[in-house]
Amino acid sequence: MRSRSWLEHAGLVLGAAAEGIWCGGLAAALMGASWIVLTVFACVTVAAAAYVARRLTVGEGREPSARLLALTLILVASAVLLAAGRAWAHPSLLWQVVRDFVYASGLVLLGVYLGRDSLAPEAAVQRAVRGFALLCAVLVCAAWAGLAPGWAPVAIVASLVVGGLLVAVVRYQALTDLVEPADRLPAWPWLLAVAGAVLGVIAIGALLSQVFGLEVLRSALGVVAGVLRYALDGVAYLVGWAGAGLLRGIAWLLNVLHVHARDPAKVPHLAARPPVLKLRQAAGVKIWSGTQVIITVVGALVAIGLSLTFVAVALRRFRREPLAEGAVVEDREALASLSSAAGEFAARLGRRLRRRLLALRRHGPVTPAELVRQRYAELELRLSRAGRPRPPGVTVRGHLAAAVAARPETAPPPPETAPRPPSLAADIAATYELARYSAHTIDAAQARRFEGLARSFEA
Amino acid sequence: MRLRSILLAGLAGLVVAALLHSSALVFASLTASALAALVVATRRRVFTGFNFERTLSRRVVSWGSELEITVSVTNAKLLPLVWMRVRDEWPAGLEPLGFALRPLSHLGRQAFIQTISVRWYERLRRRYRVRCLERGLHRFGPVELEAGDPFGIAGVERTLEARQEFAVLPKVLGVPGFDLLLGHPLAEETVTHSLAHDPTALRGIRAYRPGDPMRAINWRATARSGALQTNEFDPASLAAVRLLLDVGSLHKAWEGIDAELMEILCVVAASLATAFAAHGHGVGLASNACLTREWRAVDMEPEQGALPEVLETLARLRPYTVRDFGSVLAAELAEESSRADCVVVTATLRPGVRGHLAQLRSERPTRVVYVGNPKEDEAPLVDIVVPADFDWRSSDALPLLA
């Protein structure tokens, strides 16, 4: 079971790394020291505490020794921090010692929790997400304080990669726990595929952050803020206008009663129109520079291509070779080449986009037949919301007839003048079939009649 | 999580990043949003264009032979299935060859658990071979599938019924002492009455008797003689045998069931049926056992070529009785038109059965094959004994002791 222990070690180390990255970030943001050094220190401390917790909490009677070891670990970590921290020449030694001790205790506590935690995929996802969120919180606090740490992008990338690998390793372990060793997927192609996917995501993130850069965002926010301000000014004008009118009314009433609180001539007049705000556009701000865009796009495309290559290579390595004569035989058959599949995908995407654009361009149905189809789609949606979706393979006629048949028997019988439900359903279905499948042209009168029928059809 | 929520969360992150003037937070927001969107989109699409099939090489398998099971997984979309766990329920009594099955807690089932990975537009086929070592009507399925995004952040589960059945016939052993069953060793009997006729073996013509089938009338001879003449054929089989199988293996019904003894009884019945068929006899079967997922009594008339059906019925027998064996014998006695020889296969002769059996022996040629050691009061009715402790799984011949 060597491979299983390897996986356990990998899960523990990656978990420690996920915790260590944000802890290192926190320490670096607070102290202004090297993020890499502090992260390595945090990872090692958390991992050591996790190993201690895992080894020594199994079985009764080992709890005291585990606590002792954890305490020793805290002291050692504090000593390391103290020794390293002297170089920073902090004015207060006591403050420095307390700070290092608290930090080391926190790291050891995280490690103990990590070691005691089960290696379930859900727990790993939670840990990875928490690590990333806490790193972002550290960055938010740093930005709030006016700091722009240079290590931030590296820390984000590291957190994503480590989190992705942690989840993948733990999921792999959970997936293959019940599978015999010979039948298991090999681990490393999956990790390669995950690394490729993470790389692709990071590349997409980098590309998007170049496209939607800080200046673009600030400009967009400026526009939004201007519009908001304009709207608020308008609202304020309306409120003021209404208030002034009210005051004038009250003044008139007081004037009738010969109560003169203020000379009416001194009451200020309302402005003729609300003040129009000028949008404050950051003049002269260059949002995109040509070279930067080209480099970014090329770099992102290369990274995405590289990630896809990783994934492709990894998936190719999943092929299972027969271990012995007469063992399980596997064969794989390509249903379509990658280029033809990509072509088909692009064509499908194009068709969908064209359809969407066409729908956007049109404000209403152009032909009566389209109106009928649209009204029928609305009717079907209404039926679906009422708990009667059209099952696959059922005709419109059958579906409407079933909807009529499924009406509660307690409902009062329809009046004699109203059309009977089955004929109503058949009428709707017949018109729809004409509009949908027949070459027969639907005229506007038929379409209007269909609208009326569809409205009267109660789900 | 939905894509709309991700979009809103991403926008919130971007607003915070813009307000704080932090490029790193912009990058973090966009990357996290892209990752979450990838996960959600993958989850949503993971079973699109997906198909799972399990095919069996045969529906009826003889005991101890191999069955090939092909599991086919098709991924007809651009998104690869980086990981997928297949958990299929297979019946017990299958010995995997070159792979492993895990026994399940509920009786009679095994779990087939495999992890696979399928690329874009790819069909993966795996052929597994098993050896069938348990008689019965067995069932595969249902199948539980789990797949998800490449990272393994979230899995999506789907259950498919995919139920398939196949029958494993009882083991058929050679019968070296077959002559003991005929009663007259090395003397083959010719019967005048036949259950089936061979239309190619014309024996002659005779005058028409009411009830003769129209197609048997010889029109030429009728025209020549001026009276209806009927063709007469040789029988297709020399004799017919009806196996009467008693699966009530214990004296008292409430004493429970003896599954191993039931298997021996089925093996003995299958071996005898095969031996009789090999000697040209028509074979039938009646039993007090119930069939899998059916509650009708087993009652098959002897027919030429009915051996596969008899064996398949034996495969489907369960160790529970739906009626008393005495009523099986009584029904046989009541059927006056039947002229078939009877072979009773039993592991016990309860007092209620003995009277019917004695009557059957007096009226029809009947042999009693007893599995186990007959008691003193049972011995006079027993012709042949099969030891209950013989290892039928490793043996090739059925020991018949007179």
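**Exercise 1.** Find how many residue pairs are in polar contact between chain B and chain A.

*Solution.* Start with the rule: a polar contact is a pair of N or O atoms within 3.5 Å; within protein, one must be able to donate a hydrogen and the other to accept it, and residues adjacent in sequence count only if both atoms are side-chain atoms. Applied between chain B and chain A, with both residues at pLDDT 80 or more, this gives 15 residue pairs. Next, sort the side of chain B that touches chain A by class: 36 nonpolar, 12 polar and 11 charged residues. Here Ala, Val, Leu, Ile, Met, Phe, Trp, Tyr, Cys and Pro count as nonpolar, Asp, Glu, Lys and Arg as charged, and the others, Gly among them, as polar.

A word on the model: it is predicted, so local features need pLDDT of at least 70, side-chain atom pairs need 80 or more, and totals for chains, interfaces and linings use all residues. Residues are numbered from 1 along each chain as written, chains are lettered from A in the order written, and side-chain values use heavy atoms, without hydrogens and water.

**Exercise 2.** Work out which residue of chain A meets B:Arg125 in a salt bridge.

*Solution.* Look for a side-chain nitrogen of Lys or Arg within 4 Å of a carboxyl oxygen of Asp or Glu. For B:Arg125, the partner is A:Glu333, at 3.3 Å from N to O. Then count across the whole interface: the rule finds 7 salt bridges.
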